[in-house]
Amino acid sequence: MAREQPAAGRPRVLALANQKGGVGKTTTAVNLATAMAAYRLRVLVIDLDPQGNASTGLGVSRQDRRRDIYAVLAGSTDLQSAVLPTVVPGLSLVPSTPDLSGAELELVELAEREYRVRAVLEQYLAETSDSPDVVFIDCPPSLGLLTLNALVASGGVLVPLQCEFYALEGLSMLLQTVERIRRSFNPQLAVQGVVLTMFDGRNNLSRQVEDDVRHHMGDLVYQTVIPRNVRISEAPSHGIPALVYDLRCAGSQAYVKLAREVLEREGRLTAS
């Protein structure tokens with residue numbers, strides 16, 4: 001497989017965000033990160049969702065999450081101490097626990113509360129001798145303070161979008177939020193791309209939604225679509241990404257193609 005060439009300096013930091021739940025956001029975070037690691041990249045996933053589904057999907061049990069992102073944001077540990085290896089070589093994780101659900105209330109009282117994730121991430125990148133090439137931040141299904149922190153810390157936002165009737169309505173709200181954050185907190189923030197998920201080619205609605213999203217968003221929509229796939233749904237219960245559970249299934253192959261498209265779009269993929 002081709003070797004991706006990391007950009008010099010700061011690693012690429014991408015937030016996966018959508019205020020709607022059940023759109024395949026965490027599934028995309030876990031499997032896209034796994035596919036990136038298959039390109040021999042060093043990848044770090046920060047699980048910023050109190051549900052901790054990305055942590056579960058990457059095989060980190062509850063009892064192994066003694067140092068989590070909540071402890072990092074609360075200042076009781078540093079980010080480097082919270083980084084754990086996963087079942088995927090080259091892929092590390094900062095896990096989450098339900099304790100994080102109280103972080104939004106606690107962050108409100110802090111100075112520069114919008115910059116907490118950026119601050120701990122920049123400190124980690126400055127101090128570690130084995131900096132990741134790519135950082136994915138899996139956001140909660142809301143546009144609250146945790147998601148705001150993730151977007152302030154990121155260079156781009158990747159939007160998983162379920163092929164359903166209200167898809168464009170939710171996307172419009174998220175794009176407005178991204179623009180406000182870009183103006184007020186993070187001028188480097190841009191929409192990296194939109195990923196259509198849970199696509200069913202037998203369903204006319206899926207095709208209509210795809211046409212509508214591509215009409216409104218143009219080239220921001222990745223050509224690769226993620227199909228509805230039973231093996232993708234089964235994988236988290238085994239504590240492994242779908243690409244490890246069944247690499248040959250349609251869903252896994254779609255994430256491999258998506259990873260390549262993401263890298264090619266940035267001009268960072270070179271032939272081996």
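Two strands pair if DSSP finds at least two bridges between them; helices (H or I, at least four residues) and strands (E, at least two) are DSSP runs, numbered from the N terminus. This is a predicted model, in which local features need pLDDT of at least 70 and side-chain atom pairs pLDDT 80 or more, while totals for chains, interfaces and linings use all residues. Residues are numbered from 1 along each chain as its sequence is written, and side-chain values use heavy atoms, without hydrogens and water.

**View 1. The open sheet has eight strands in the order 3-4-2-5-1-6-7-8, with mixed pairing.** Strand 3 (84–85) and strand 8 are its edges, each pairing on one side only. Strands 6 (residues 156–162) and 7 run parallel over seven bridges. Pro-160 is placed opposite Val-195 of strand 7.

**View 2. Glu-210 lies in helix 9 (residues 204–217).** Its relative accessibility is 14%, so Glu-210 counts as buried (under 20% relative accessible area; exposed is over 50%, partly exposed in between; 1.4 Å probe, protein chains only). Beyond neighbours within four places in sequence, Glu-210 contacts Leu-196, Phe-199 and Val-225 (heavy atoms within 4.5 Å).

**View 3. Helix 1 (25–38) contributes five residues, the largest share, to the lining of the largest pocket.** A pocket is an open set of points on a 1 Å grid over the protein atoms alone where a 1.4 Å probe fits, with protein on both sides within 12 Å along at least five of seven lines; lining residues have an atom within 4 Å of a point. The largest pocket holds about 520 Å³ of space, the volume filled by probe spheres set on the points, which are joined across faces, edges and corners. Among its 30 lining residues, Gly-24, Lys-25, Thr-26, Thr-27 and Met-198 are closest to the centre.
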